[in-house]
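Subject: Structure for your review

Dear colleague,

Please find the structure below, handed over for your own work.

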Amino acid sequence: MSVTAAKGFTAAGIAAGIKQNGNPDLALVVNTGPRRAAAGVFTSNRVKAAPVIWSQQVLADGELTAVVLNSGGANACTGPKGFQDTHATAEKVAEVLSAQGADVGAGEVAVASTGLIGILLPMDKLLPGVEKAAAELSEHGGEKAAIAIKTTDTVHKTSVVTKDGANGGWTVGGMAKGAGMLAPGLATMLVVLTTDADVDAEGLDSALRGATRVTFDRVDSDGCMSTNDTVLLLASGASGVTPAQDAFTEAVREVCDDLARQLIGDAEGASKDIRIEVVNAATEDDAVEVGRSIARNNLLKCAIHGEDPNWGRVLSAIGTTGAAFEPDELNVAINGVWVCKNGSVGEDRDLVDMRYREVTVTADLAAGTESAVIWANDLTADYVHENSAYSS
């Protein structure tokens with residue numbers, strides 16, 4: 001049930017005509033309370049889409065009533081008109097929800113968009129679409145909302161975690177889109193998370209930042225950072241339960257981790273999911289830097305696509321970083337076979353079985369006790385085709 005698994009939320013997903021192919025392209029998620037706390041994490045790209053700028057502003061007070069999301073157009077690099085369109089979208093959501101008795105202002109509505117950069121949205125279709133979506137809001141509308149935010153995604157992505165406690169149960173649910181332009185800070189994604197736990201904005205912000213740091217920020221499909229990345233967490237408080245902060249953060253992390261894995265599994269053209277584990281680093285930052293360098297090595301990604309355990313490409317990627325290590329102490333394993341030991345030839349590379357979807361690369365820096373995991377995928381001809389032909 002995605003974003004409607006938690007009590008206190010309704011959602012809808014409809015075809016507004018933004019996409020030329022007629023597929024669903026507009027989603028609406030509404031928090032019916034009693035609490036309307038919210039937090040968000042956004043792209044660190046200096047070129048930010050109008051909806052990102054708008055949503056960052058409206059989140060300043062830590063409250064949201066609704067999120068409206070569209071696929072079929074990013075509304076990025078569209079100048080003042082693009083920002084005006086974002087404002088008009090939020091105003092329309094506020095208008096239709098207020099007509100339903102919710103008394104919502106535009107400043108309580110976050111906006112998120114995904115699709116091609118540099119093209120204005122068809123507001124003559126989007127605004128009537130908001131009315132249609134509002135009319136279809138349902139406690140069972142989470143799946144339709146998740147479908148409506150897809151672009152090149154082949155499947156919609158949802159996740160739910162429910163926890164039981166002495167004072168009762170509570171839930172965290174979520175939906176995500178993303179299949180390309182996946183790189184840290186954040187990966188190209190729109191994510192909406194909901195919870196019926198009674199948590200204030202400060203608690204939501206802490207949990208969300210802690211969770212995204214080790215999940216979405218460690219997905220690196222193709223080294224390309226988007227202009228539109230948006231991850232929102234809304235709390236309705238409808239369960240009446242206030243969980244311990246650590247327990248709540250862990251539940252949010254579980255949902256984010258599940259969604260992040262789904263993003264990698266659906267990455268454009270991918271045939272392999274690559275788990276890159278960096279161990280025995282001097283610092284966590286070193287481990288993350290090395291993991292990202294390995295994830296972005298196109299020669300290695302091509303080798304893995306060809307099921308070639310070419311560990312030399314792993315070492316060359318490590319060598320481009322500023323991490324602490326000694327070259328003659330590096331060890332590399334591929335799918336559990338230590339093909340490189342002490343910076344040189346290790347076990348027989350023919351022992352490596354790479355027939356299956358998931359490939360694990362372990363890089364041992366022999367410099368400390370810290371570790372990190374980065375998820376990536378292989379580089380295929382299908383990826384090249386998709387990104388030379390895609391325009392939607």
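Helices, of at least four residues, and strands, of at least two, are DSSP runs numbered from the N terminus. On that basis the chain has 10 helices and 15 strands. Please bear in mind that this is a predicted model.

Overall dimensions

The chain has 392 residues and a radius of gyration of 22 Å, which agrees with the value near 21 Å that a compact globule would have. The C-alpha trace spans about 70 × 55 × 35 Å along its principal axes. Of the 392 residues, 54% are buried. The accessible surface comes to about 15,100 Å², and carbon and sulfur atoms account for 48% of that area. As for contacts between residues at least 6 apart in sequence, 80% join residues at least 24 apart.

Strand S8 covers residues 190–195, and six of its six residues are buried, so the strand is largely enclosed by the rest of the structure. Both of its faces are covered. On one side lie Leu 190, Val 192 and Thr 194, and on the other Val 191, Leu 193 and Thr 195, all of them buried.

Strand S8 pairs with strand S7 (residues 168–177) through six bridges, and the two run antiparallel. Strand S8 also pairs with S9 over six bridges, in this case in the parallel sense. Leu 193 of S8 takes part in both pairings: Gly 174 has Leu 193 as its bridge partner in S8, while the bridge partner of Leu 193 in S9 is Leu 233.

Helix H1

Helix H1 itself comprises residues 50–58, and its buried residues are Ala 50, Pro 51, Val 52, Trp 54, Ser 55 and Val 58.

Cysteines

How many disulfides does the structure hold? The number is zero.

Yours sincerely

Methods: Residues are numbered from 1 along each chain as its sequence is written. This is a predicted model: local features need pLDDT of at least 70, side-chain atom pairs count only at pLDDT 80 or more; totals for chains, interfaces and linings use all residues. Side-chain values use heavy atoms; hydrogens and water are left out. Buried means under 20% relative accessible area, exposed over 50%, partly exposed in between (1.4 Å probe, protein chains only). A disulfide is a pair of cysteine sulfur atoms within 2.5 Å. Two strands pair if DSSP finds at least two bridges between them. The radius of gyration is taken over C-alpha atoms; the globule rule is 2.2 Å times the number of residues to the power 0.38. Contact means heavy atoms within 4.5 Å. Accessible areas come from the Shrake-Rupley method with a 1.4 Å probe; for residues, only the protein chains shown count as cover.
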